[in-house]
Amino acid sequence: MKLRFSNIILSHACHFLIGQSSESLRHHGLNVFQQLLRDSISNRASCVRAGMLNFLLDWFSLEDNDNVILKVAQLIQVVCGHRISGKDIRKIFALLRSEKVGSRQQYSSLLLTTVSSMLNE
């Protein structure tokens, strides 16, 4: 399946993935979204154009559920593996210095592992 309209990707992601949906629905949505991105270079490119990485990095910093954070980190890896800008790298390092991410070993390790893995893609 191909994502055709990059300008609506972000709004759908916000609504269905972060909205007031149940945890199981968010997990399912994240799994489906990850599969869509892994299967198609054009889908990854559409997400880059839509600003998905910025959205995912914001979500990573705000989310409290460890399972959701892991899924978001996997999506960050897939999107970053396609293309990452200097601005995105600065935001990642800012997250590592932030109170929430920097002070929790598991979050900073997860983000660093994500960055390391995306460099290999």
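1. Aspartate 58 has 32% relative accessibility and so counts as partly exposed. Here buried means under 20% relative accessible area, exposed over 50%, and partly exposed in between (1.4 Å probe, protein chains only). Lysine 91 is also partly exposed, at 22%.

2. These two residues form a salt bridge, with their closest N and O atoms 2.4 Å apart. The term requires a side-chain nitrogen of Lys or Arg within 4 Å of a carboxyl oxygen of Asp or Glu. The pair links distant parts of the chain: aspartate 58 sits in helix α4 (residues 52–62), lysine 91 in helix α6, 33 residues apart. A search of the whole structure finds one salt bridge.

3. On provenance: the model is predicted; local features need pLDDT of at least 70, side-chain atom pairs count only at pLDDT 80 or more, and totals for chains, interfaces and linings use all residues. Numbering starts from 1 along each chain as its sequence is written, and side-chain values use heavy atoms, leaving out hydrogens and water.

4. Aspartate 88 deserves a look. Its place is in helix α6 (residues 86–97). Aspartate 88 is buried yet has no salt bridge. The nearest side chain of opposite charge is lysine 87, 6.5 Å away. For charge, Lys and Arg count as positive, Asp and Glu as negative; His and the chain ends are not counted. Leaving aside residues up to four places away in sequence, aspartate 88 touches Leu53 and Leu57. Contact means heavy atoms within 4.5 Å.

5. Helix α5 covers residues 66–82, 17 residues in total. From first C-alpha to last it reaches 25 Å, close to the 24 Å expected at 1.5 Å a residue. That expected span is 1.5 Å times one less than the number of residues. The buried residues of α5 include Val68, Ile69, Val72, Leu75 and Ile76. Gln77 and Cys80 are also among them.

6. The N-terminal end of α5 is capped by asparagine 65. A side-chain oxygen of this residue lies 2.8 Å from the backbone nitrogen of asparagine 67.

7. Overall, the chain has eight helices and zero strands. Helices (H or I, at least four residues) and strands (E, at least two) are DSSP runs, numbered from the N terminus. Of the 121 residues in the chain, 41% are buried. Among contacts with a separation of 6 or more, 70% come from residues 24 or more positions apart.

8. The chain exposes about 6900 Å², and carbon and sulfur atoms supply 54% of it. Accessible areas come from the Shrake-Rupley method with a 1.4 Å probe; for residues, only the protein chains shown count as cover.

Terms used:
Polar contact = N/O pair within 3.5 Å; in protein donor to acceptor, adjacent residues only side chain to side chain.
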